[in-house]
Amino acid sequence: MSAYFERMSAERVRKVLNVLVEAPFFYRADEPDLFGFLRKHRAEFQRFFQELYGWQLVVDTHGARLVKDKWHNPALRPSQHDVFDLTRRDDCIAFLLVLEFHEHLLDERNASIDDPEPMRFRFGDLFAFVRSRFQEDLGTQAPDDEGVRRILRALMPSLIRFRFLAEIEPEREERDSVDRENLLYECLPALYLYDVRALGRSALSGAIGGGPSQVAEDAQ
């Protein structure tokens with residue numbers, strides 16, 4: 001390892017390597033000084049992961065992640081890989097819709113990742129947007145309101161676990177009165193790494209509409 005990180009603090013190098021493999025994303029806000037060290041020496045870290053593991057290290061101004069393009073243990077099933085890897089059709093569609101909702105919020109609020117305050121939204125706003133999109137593409141075959149809620153709520157724990165979103169705790173005096181429609185979420189930098197516009201609206205529409213009543217049936 002010393003060949004890659006000569007004249008660098010071994011302690012800080014070790015810490016960077018650990019935080020990069022502990023979770024899918026390492027954010028600047030997690031530990032600004034350490035993130036600054038990673039950005040300063042990103043070329044050395046990128047070479048280390050590429051040459052030893054065949055992984056790509058992606059670093060921007062707000063976060064870092066490791067991209068692994070293949071698995072090496074053939075005995076593991078996809079469900080046994082501890083990564084954000086959606087396999088259920090409804091989860092994939094819900095994730096695309098969350099990304100589109102995020103782009104919608106950016107445009108509506110004229111916001112960006114560089115704004116000092118992170119962007120927040122209520123679950124009810126996401127629900128209303130997704131329900132409208134289903135109705136646009138499926139019409140009378142769209143899932144009902146409870147079906148849309150189930151599709152979204154099935155995905156939310158993964159988005160929180162893998163740090164795409166953070167659930168904001170209500171104030172103590174509000175905890176007993178806040179319903180699930182009014183739960184508040186904060187958008188984390190990982191959402192900015194996925195550009196649903198690159199797929200185009202037709203790709204999302206095709207995913208929603210592929211199989212005329214499949215989404216509606218899955219939601220029941």
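Arg122 stands opposite Leu184 in strand S6. Strands here are DSSP runs of E with at least two residues, and helices are runs of H or I with at least four, both numbered from the N terminus. The model is predicted: local features need pLDDT of at least 70, side-chain atom pairs count only at pLDDT 80 or more, and totals for chains, interfaces and linings use all residues. Residues are numbered from 1 along each chain as its sequence is written, and side-chain values use heavy atoms, with hydrogens and water left out.

**The sheet**

S4 pairs with S6 (residues 184–187) in the antiparallel sense, over 3 bridges. Two strands count as paired if DSSP finds at least two bridges between them. The open sheet has 3 strands in the order S4-S6-S5, with antiparallel pairing. Its edge strands are S4 (120–122) and S5 (165–168), and each pairs on one side only. Neighbouring strands of the sheet are turned by 30° against each other on average, direction ignored. Axes are lines fitted to C-alpha atoms, for helices over the stretch in contact; angles run from 0 to 180 degrees between N-to-C directions.

**Helices on the sheet**

Which strands does helix H5 lie across? H5 (residues 123–138) lies across S4 and S6 and runs at about 75° to S4. Helix H6 (residues 145–161) lies across S5 and S6, at about 105° to S5. Contact means heavy atoms within 4.5 Å.

**Positive phi in the loops**

Asn110 sits in the loop between helix H4 (89–109) and S4. Its phi is near 50°, a positive value in a residue other than glycine. Arg163 is in the loop between H6 and S5. Arg163 is not a glycine either, yet its phi is positive, at about 65°.

**Accessibility**

Buried means under 20% relative accessible area, exposed over 50%, and partly exposed in between (1.4 Å probe, protein chains only).

| Residue | Relative accessible area | Class |
|---|---|---|
| Asn110 | 70% | exposed |
| Arg163 | 26% | partly exposed |
| Cys92 | 30% | partly exposed |
| Cys187 | 6% | buried |

Cys187 is buried, whereas Cys92 is partly exposed.

**Disulfides**

A disulfide is a covalent bond between the sulfur atoms of two cysteines. The rule applied here asks for a pair of cysteine sulfur atoms within 2.5 Å. How many disulfides does this rule give? The count comes to 0.
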